[in-house]
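The following paragraphs lead through one protein structure, from its overall build to individual residues. Please keep the sequence and the coordinates at hand while reading.

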Amino acid sequence: MLELKFDKKKCADCKAVSCLVKCQYIDLNKTEAKKEWQKVINGEDSFVLDACTTCYACEEYCPFGNHPFYLIVERQEEKNVLAAPRALIKQWVNMCAPSGKFMLGDVKEKTASLCFMPRLGSLAQGKLFEDVATSWILGAEFFCNAVYLHFSRMSVIKERLPKVIENISKQGTKELICLHDECYATYNSLAPAYGIDVPFKTIHYMEHLYQKLKENKSGI
Ligand code: SF4
Ligand code: SF4
């Protein structure tokens with residue numbers, strides 16, 4: 001069973017409680033934030049679970065890398081606090097279940113991830129994407145599953161993500177260009193937060209563009 005790398009002691013010693021104080025959707029001073037965050041840690045009812053818009057920002061606000069957002073999603077699921085309508089959550093859980101309908105290009109060591117969205121392919125065309133124009137993966141088998149952070153369903157991520165990473169790795173991918181930012185966040189933050197090994201390097205779409213523009217500077 002995958003467990004979140006969350007350290008209660010870091011929060012006990014934390015004076016700023018930046019995770020909640022800096023939140024753009026929840027208005028709390030430090031004292032109030034400390035009290036509410038302790039309730040979340042303890043698994044008690046807290047309005048934070050309802051008020052959270054699942055914007056992901058507190059993962060960056062926490063200076064200790066203690067994964068406050070992932071803990072919130074875990075608690076939402078435990079307490080059946082739904083971050084979206086139940087029918088929508090059910091539809092997404094079913095729609096993105098692996099079903100063998102994936103699609104592959106001529107996959108090379110450098111691979112573009114189209115995640116679950118074929119239209120992302122239109123972002124990877126032209127000279128700046130020559131090296132991955134035909135090397136791509138698409139479908140539920142390669143879907144990062146981060147969407148379930150917005151649906152109070154960490155259990156689905158924990159169940160499906162290790163297999164997704166294995167599927168990508170089996171294609172021989174050594175460098176994965178993530179055309180969707182949530183894929184990048186999944187392999188660089190979410191997977192390590194649960195101790196899941198990611199055996200390939202991930203490159204954000206913007207990082208790839210920047211690198212290619214530098215390489216082609218003389219042609220600009
Ligand atoms: S999650 Fe991070 S910012 Fe929030 S109280 Fe804990 S250590 Fe502090
Ligand atoms: S994920 Fe939730 S608690 Fe964290 S900053 Fe966004 S709205 Fe606030």
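This is a predicted model: local features need pLDDT of at least 70, side-chain atom pairs count only at pLDDT 80 or more; totals for chains, interfaces and linings use all residues.

How many disulfides does the count come to, if a disulfide is a pair of cysteine sulfur atoms within 2.5 Å? By this rule the count comes to zero disulfides. Residues are numbered from 1 along each chain as its sequence is written, chains are lettered from A and ligands numbered from 1 in the order in which they are written, and side-chain values use heavy atoms, with hydrogens and water left out.

Taken as a whole, the protein has a secondary structure of 10 helices and five strands, where helices (H or I, at least four residues) and strands (E, at least two) are DSSP runs numbered from the N terminus. The radius of gyration of the protein is 19 Å, close to the 17 Å that the globule rule gives for 220 residues, so the protein is as compact as a globular protein of that length; here the radius is taken over C-alpha atoms, and the rule is 2.2 Å times the number of residues to the power 0.38. Along the principal axes, the C-alpha atoms fill a box of roughly 55 × 45 × 30 Å.

Of the 220 residues, 47% count as buried, a term that means under 20% relative accessible area, with exposed meaning over 50% and partly exposed lying in between (1.4 Å probe, protein chains only). The accessible surface of the protein comes to about 11700 Å², of which 53% belongs to carbon and sulfur atoms; such areas come from the Shrake-Rupley method with a 1.4 Å probe, and for residues only the protein chains shown count as cover. Among contacts (heavy atoms within 4.5 Å) between residues at least 6 apart in sequence, 71% join residues at least 24 apart.

The five strands form an open sheet in the order 1-3-2-4-5, with mixed pairing, two strands being paired if DSSP finds at least two bridges between them. Strand 1 (103-104) and strand 5 (201-204) stand at the edges, each with a single partner strand, so one side of each is left without a neighbour in the sheet. Helix 10 (residues 205-215) packs on the sheet, where this helix touches strand 4 and strand 5, and its direction makes about 80° with that of strand 5; axes are lines fitted to C-alpha atoms, for helices over the stretch in contact, and angles run from 0 to 180 degrees between N-to-C directions.

Within the sheet, strand 2 (residues 110-113) runs parallel to strand 4 (residues 175-178), and four bridges join them. Along this pair, T111 stands opposite L176, and S113 stands opposite C178. Strand 2 is also joined by two bridges to strand 3 (residues 136-138), again in parallel, and there the bridge partner of A112 is W136. Strand 4 in turn is joined to strand 5 by four bridges, the two strands running parallel, with E175 opposite K201.

Which residues have a positive phi although they are not glycines? Two such cases are Y56, with a phi of about 85°, and C115, with a phi of about 55°. Y56 has its place in the loop between helix 4 (47-51) and helix 5 (58-61) and is buried, with a relative accessible area of 15%. C115 lies in the loop between strand 2 and strand 3 and is buried as well, at a relative accessible area of 0%. Other cysteines that count as buried include C58, at 9% relative accessibility, and C62, at 14%.

Key
A disulfide is a pair of cysteine sulfur atoms within 2.5 Å.
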